[in-house]
Amino acid sequence: MQITLIASAALAKSLRDGAAHPVRAAITKAKATLYPPPTDDTTSAMARTFVLEAPDRAGAALAEALAAMPGVEACYAKPADAPP
């Protein structure tokens, strides 16, 4: 399951730098993978947007838990693809 996480500037820097943080610990505990933002321009709004890949059974719960953490501005799971 794909999760989008939008972080505050401080949290985004911490996640990009690989620093220990409760958000990173929650991601690791859920056996999810954190992918860096699609840009290296740290002043861009996209520099605060991360993508996570989580096991389907843990994805929704992880997104909900992350959304409640300090520094997380938004976090949501991408709905599963469905045929028309």
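A search of the whole structure turns up two salt bridges, a salt bridge being a side-chain nitrogen of Lys or Arg within 4 Å of a carboxyl oxygen of Asp or Glu. Side chains of opposite charge can pair when their charged atoms come close. This is a predicted model, where local features need pLDDT of at least 70, side-chain atom pairs count only at pLDDT 80 or more, and totals for chains, interfaces and linings use all residues. Residues are numbered from 1 along each chain as its sequence is written, and side-chain values use heavy atoms, with hydrogens and water left out.

Helices (H or I, at least four residues) and strands (E, at least two) are DSSP runs, numbered from the N terminus. Asp 17 is exposed at 53% relative accessibility, while Lys 13 is partly exposed at 46%; here buried means under 20% relative accessible area, exposed over 50%, and partly exposed in between (1.4 Å probe, protein chains only).

The other pairs Arg 48 with Glu 73, again through their side chains, at 2.7 Å from N to O. Arg 48 lies in the loop between strand 2 and strand 3 (49-53) and Glu 73 in strand 4 (residues 72-77), so this pair ties together parts 25 residues apart in sequence. Arg 48 comes out as partly exposed, at 23% relative accessibility.

Then there is the backbone at Lys 31. Most residues other than glycine have a negative phi, but phi of Lys 31 is positive, near 60°. Lys 31 lies in the loop between helix 2 (22-29) and strand 2 (33-35), and is exposed, with a relative accessible area of 68%.
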